[in-house]
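Work through the exercises below with the coordinates open. Each task is followed by a solution in steps.

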Amino acid sequence: MYEHVYNGYDEYNSYDGYDRYDGYDQEKRSKRAGSVRYDRSRISAIIVGILLIAIGVAILFFGQNSKTPEVEASTIKQKYYTSIEIKDGDSLWTLAEEYGKRYADPREFITEVRSINQLKGDHITAGANLMIPVYR
């Protein structure tokens, strides 16, 4: 009858596009696929590292720009109360100018003096004693 001719594959296995070096080609493909997976994980690790560095730099940069006001030990003063005798011609406003320099607005000093001394108005009498806040 007729003879069987070998043409790179046998009749029992379907032809998948590879010749007799099929095992060798599959080995090369699996090595390439492994290196691709390795490259992807390496790239991911590099991206994560760059992001972490960028976040760290941002924290350092913005952390230094948003400094909280630092108070030196020499500028810390304690609030005390002292009694003064009101002289002729004194008013709460003149006392605020003399003793209330620590306050941003003399009205704050006047409000506190009125509260401490339980004054209902701005009238003070010469010869009377008045408690005032002082800082040392």
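Predicted model: local features only at pLDDT ≥ 70, side-chain atom pairs only at ≥ 80, totals over all residues.

**Exercise 1. Burial and contacts of the chain**

State what percentage of the residues count as buried, and what share of the contacts is made by residues 24 or more positions apart.

Solution. Start with burial: the chain has 136 residues, and 12% of them count as buried. The accessible surface comes to about 11,700 Å², with 55% belonging to carbon and sulfur atoms. Then turn to the contacts with a separation of 6 or more: residues 24 or more positions apart account for 61% of them.

**Exercise 2. A surface patch**

Locate Ile55 and classify it as buried, partly exposed or exposed.

Solution. Ile55 lies in helix α1, which covers residues 22-65. Its relative accessibility is 49%. Exposed requires over 50% and buried under 20%, so Ile55 counts as partly exposed. Ile55 also belongs to a nonpolar surface patch with Val48, Leu52 and Ile59; together the four have about 410 Å² of accessible area.

**Exercise 3. The largest nonpolar core**

Identify the core residues that touch the most other members, and the elements that give two or more residues to the core.

Solution. The largest nonpolar core has 13 residues, and those touching the most other members are Leu92, Leu95, Phe109, Val113, Ile124, Leu130 and Ile132. The elements giving two or more residues to this core are α2 (92-99), α3 (106-116) and β2 (129-135). Next, take Leu130 and leave out residues up to four places away in sequence: among its contacts are Leu92, Leu95, Val113 and Ile124. Leu130 also touches Thr82, Ser83, Ile84 and Ile86, as well as Asn117 and Leu119.

**Exercise 4. The surroundings of Tyr81**

Solution. Along the chain, Tyr81 and Val134 are 53 residues apart, yet their C-alpha atoms are separated by 5.8 Å.

Conventions. Residues numbered from 1 in each chain as written. Heavy atoms only, no water. Buried < 20%, exposed > 50% of the residue type's maximum accessible area, 1.4 Å probe, protein only. Contact = heavy atoms within 4.5 Å. Areas by Shrake-Rupley, 256 points an atom, 1.4 Å probe, with all protein chains shown as cover. Patch = residues over 30% accessible without salt bridge, like charges linked within 9 Å, V, L, I, M, F, W, Y side chains within 5 Å. Salt bridge = Lys/Arg side-chain N within 4 Å of Asp/Glu carboxyl O. Helix = DSSP H or I, 4+ residues; strand = E, 2+ residues; numbered from the N terminus. Core = buried A, V, L, I, M, F, W, Y, C linked by side-chain atoms within 4.5 Å.
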